[in-house]
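Thanks for making the time this morning. I would like to walk through a few local features of this structure, so please have the sequence and the model open while I talk.

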Amino acid sequence: MSLKKWITTIIFDSFLCLGTVWFSYYLRVGVFYHIYDIEIIPIIASIIILLSSFTIFSIYYSFIRYSGLDTFLQLGKALLIYSIIFSIIFTFIGIEGVPRTLGIMQPIFLSLLIFISRALVR
């Protein structure tokens, strides 16, 4: 994959992390906060966990070159690992100031948006 596509994909995924954390806050609290008013910890954790998971499963290397069923299965595995880690941190352990339901809602929304975006790109 070219460097430009690789960087674009990472930035896009990072914005999806930001957007899904923000949207999950809205659904939990019922109020649209400014992005600066929500906790930064789940946003940073989401980006770090997602990029790490995708790197381990070689998602950024394989997706643009090969976008068949195997790639989507790898994507599913990476998102499952992401969801488990994120849920453990924010639902089971809990972070002060972060709603526990965020650990369930955000990985679901993120997974849906990533699968949809990758399917549309394909």
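Predicted model: local features only at pLDDT ≥ 70, side-chain atom pairs only at ≥ 80, totals over all residues.

R118 counts as buried because its relative accessibility is 4%, where buried means under 20% relative accessible area, exposed means over 50% and partly exposed lies in between, with a 1.4 Å probe and protein chains only. This residue lies in helix 5, residues 102-121, and helices here are DSSP runs of H or I with at least four residues, numbered from the N terminus. The side chain of R118 is joined to that of D13 by a polar contact of 2.8 Å, that term being a pair of N or O atoms within 3.5 Å, of which, within protein, one must be able to donate a hydrogen and the other to accept it, while residues adjacent in sequence count only if both atoms are side-chain atoms.

Residues are numbered from 1 along each chain as its sequence is written, and side-chain values use heavy atoms, with hydrogens and water left out.

Now to the aromatic residues. A search of the whole structure finds eight aromatic pairs, and rings of Phe, Tyr and Trp (its six-membered ring) pair if their centres lie within 6.5 Å, with planes under 30 degrees apart called stacked, over 60 edge-to-face and the rest tilted. One of them is the tilted pair of F23 and Y26, at 6.0 Å centre to centre and 35 degrees between the planes. Both residues lie in helix 1, residues 3-29, three residues apart, or about one turn of the helix. F23 counts as partly exposed because its relative accessibility is 33%, and Y26 counts as partly exposed at 27%. Y26 also forms a stacked pair with F32, at 3.9 Å centre to centre and 5 degrees between the planes. F32, at 46% relative accessibility, is partly exposed as well. W22, F23, Y26, F32 and F109 form one aromatic cluster.

Finally, helix 2. Which residues of helix 2 are buried? They are P42, I43, A45, S46, I49, L50, S53 and F54. These residues sit on the same side of helix 2 because they cover an arc of only 165 degrees around the axis, taken from the directions from the helix axis to the C-beta atoms. On the other side of helix 2, T55 and I56 are exposed. After helix 2 comes S58, with a positive phi near 55 degrees.

Note on methods. Helix = DSSP H or I, 4+ residues; strand = E, 2+ residues; numbered from the N terminus.
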